[in-house]
Amino acid sequence: MLLQAGHWLGRGSLLVEGASLGEPIECDLTIEQDSSGLTLTGALEFQRTPSHPLSIRVAPDEVGTYIIDARIGGVRLDGVAKLESAPNLGLLWNAEGTLHATFALFQVAKGYGFRGFLRERDRTLTWEVAFALKQDAIKASNVVTLRRKR
């Protein structure tokens with residue numbers, strides 16, 4: 001599985017069908033792993049709307065795929081994913097059957113690429129987000145440099 005525990009930051013764009021420019025999107029995501037699967041929590045931010053909290057549970061099922069239970073903003077989605085080999089693929093839907101989304105998760109140079117489509121009634125959205133592991137700077141008084149500063 002590509003997903004790894006840690007604090008991930010994502011930046012990308014969301015494109016509405018018919019639009020020529022994408023809307024910037026940012027995601028702050030924490031992934032925690034336990035014995036029964038992964039929990040992803042964080043926030044999704046669009047340029048023109050307030051932050052949307054997100055909570056996603058990913059757990060293996062008995063047939064070799066993964067079950068997804070997602071809450072993004074006020075929307076609840078169920079889904080299934082193939083996460084054992086690259087690219088990781090998934091399908092999400094709401095209970096009413098009016099919203100469907102597909103996604104691919106794949107490795108890029110310093111993190112993950114995340115692309116997908118969402119279809120809700122008569123509109124289609126597509127997104128691309130690049131996730132990188134957040135590196136916290138740690139100060140240390142015992143670090144010595146051997147190069148002269150320029």
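**Whole chain**

Colour the chain by secondary structure: from the N terminus on, its elements run β-β-β-β-β-β-β-β-β-β. That comes to zero helices and ten strands. Helices (H or I, at least four residues) and strands (E, at least two) are DSSP runs, numbered from the N terminus.

This is a predicted model, in which local features need pLDDT of at least 70 and side-chain atom pairs count only at pLDDT 80 or more, while totals for chains, interfaces and linings use all residues. Residues are numbered from 1 along each chain as its sequence is written, and side-chain values use heavy atoms, with hydrogens and water left out.

Now show the surface. The chain exposes about 10,300 Å², and carbon and sulfur atoms supply 55% of it; the areas come from the Shrake-Rupley method with a 1.4 Å probe, and for residues only the protein chains shown count as cover. Of the 150 residues, 31% count as buried. Buried means under 20% relative accessible area, exposed over 50%, and partly exposed in between (1.4 Å probe, protein chains only).

**Strand β2**

Select E23, which is found in strand β2 (residues 23-34). Is E23 buried or exposed? E23 counts as buried because its relative accessibility is 17%. Leaving aside neighbours within four places in sequence, E23 is in contact (heavy atoms within 4.5 Å) with G12, S13, L14, F46, Q47 and R48.

**Two loops**

Move to P87, in the loop between β6 (75-82) and β7 (88-93). A cis peptide bond joins A86 and P87, with omega about -10°.

Next select R121, in the loop between β9 (111-120) and β10 (123-133). Phi of R121 is near 50°, a positive value in a residue other than glycine. R121 counts as exposed because its relative accessibility is 60%.

**The largest pocket**

Finish at the largest pocket, where about 1,000 Å³ of space lies. Of the 40 residues that line this pocket, select the closest to its centre: L44, I72, F114, L118 and W127. A pocket is an open set of points on a 1 Å grid over the protein atoms alone, where a 1.4 Å probe fits, with protein on both sides within 12 Å along at least five of seven lines; lining residues have an atom within 4 Å of a point. Grid points are joined across faces, edges and corners, and a volume is the space filled by probe spheres set on the points.
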